[in-house]
Each structure stands twice: as C-alpha cells, then as structure tokens.
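Have the model open beside you and try each task before reading its solution.

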Amino acid sequence: SLLLRFMAVACKSWSPALWQLGEIARGPSLLNAVFLGLVWWLVLLPLIAAASPTPKARAAFIRFNFSFLLVNVHALNVVFAWVAHSV
C-alpha cells in the first residue's frame, strides 16, 4: 500500500484526484507498514525459526531474513512509511 500511495502522490501534476487518494491513504499506509513490521519481526520470524527442523535450517532462515531484500521490505518499510507520514 505504501508503493501505491507514493505512486498516487507522484501523479499530482497529472491527476489531482490521484494525489488526493494518495493523501487519504497516508494513515492506512503507515498502519499497514507498522502492523506488517511488528507481526513479521516479533511473531512470525521467531515462530518459524523455532519450528525449523535443524539448527542449519534455522541459521539459513535467519540469514535470509537479514538479507538486503527482506530488511528493506519488512524493516525499512516502517521507517519509510513513518517519514512519508511525517512530511
């Protein structure tokens, strides 16, 4: 939802209606990012890691979650949403 909000706001000169929709989505985008971040990092990640069958699989899962892509999607998304909401 954050990407859709950014795309709508970027269309301000092309379509004021899309810009308005992007501004309306400001709060829901922040809530979505915070909820996703909290659920992933505090609930799902520990549960999946604990359920891993072997220590090697657990280490691989943790390594995967701290990869560039996942950190950007699940952790920095909250930061980006917060900054976008504040501006």
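This is a predicted model: local features need pLDDT of at least 70, side-chain atom pairs count only at pLDDT 80 or more; totals for chains, interfaces and linings use all residues.

**Exercise 1.** Is W41 buried or exposed?

Residues are numbered from 1 along each chain as its sequence is written, and side-chain values use heavy atoms, leaving out hydrogens and water.

*Solution.* Start with the cut-offs: buried means under 20% relative accessible area, exposed over 50%, and partly exposed in between (1.4 Å probe, protein chains only). W41 has a relative accessible area of 19%, so W41 is buried.

**Exercise 2.** Describe the aromatic pair that W41 and F66 form.

*Solution.* First, the rule: rings of Phe, Tyr and Trp (its six-membered ring) pair if their centres lie within 6.5 Å; planes under 30 degrees apart count as stacked, over 60 as edge-to-face and the rest as tilted. Next, apply the rule: the centres of W41 and F66 are 5.3 Å apart with 45° between the planes, which makes the pair tilted. Then place the partners: W41 is in helix α3 (residues 26-50) and F66 in the loop between α4 (55-65) and α5 (68-86), so the pair ties together parts 25 residues apart in sequence. Helices (H or I, at least four residues) are DSSP runs, numbered from the N terminus. Finally, F66 counts as exposed, at 54% relative accessibility.

**Exercise 3.** Locate S52 and list its contacts beyond four places in sequence.

*Solution.* S52 sits in the loop between α3 and α4. Its relative accessibility is 13%, so S52 counts as buried. With contact meaning heavy atoms within 4.5 Å, the partners of S52 are A57 and R58.

Conventions: Helices (H or I, at least four residues) and strands (E, at least two) are DSSP runs, numbered from the N terminus.
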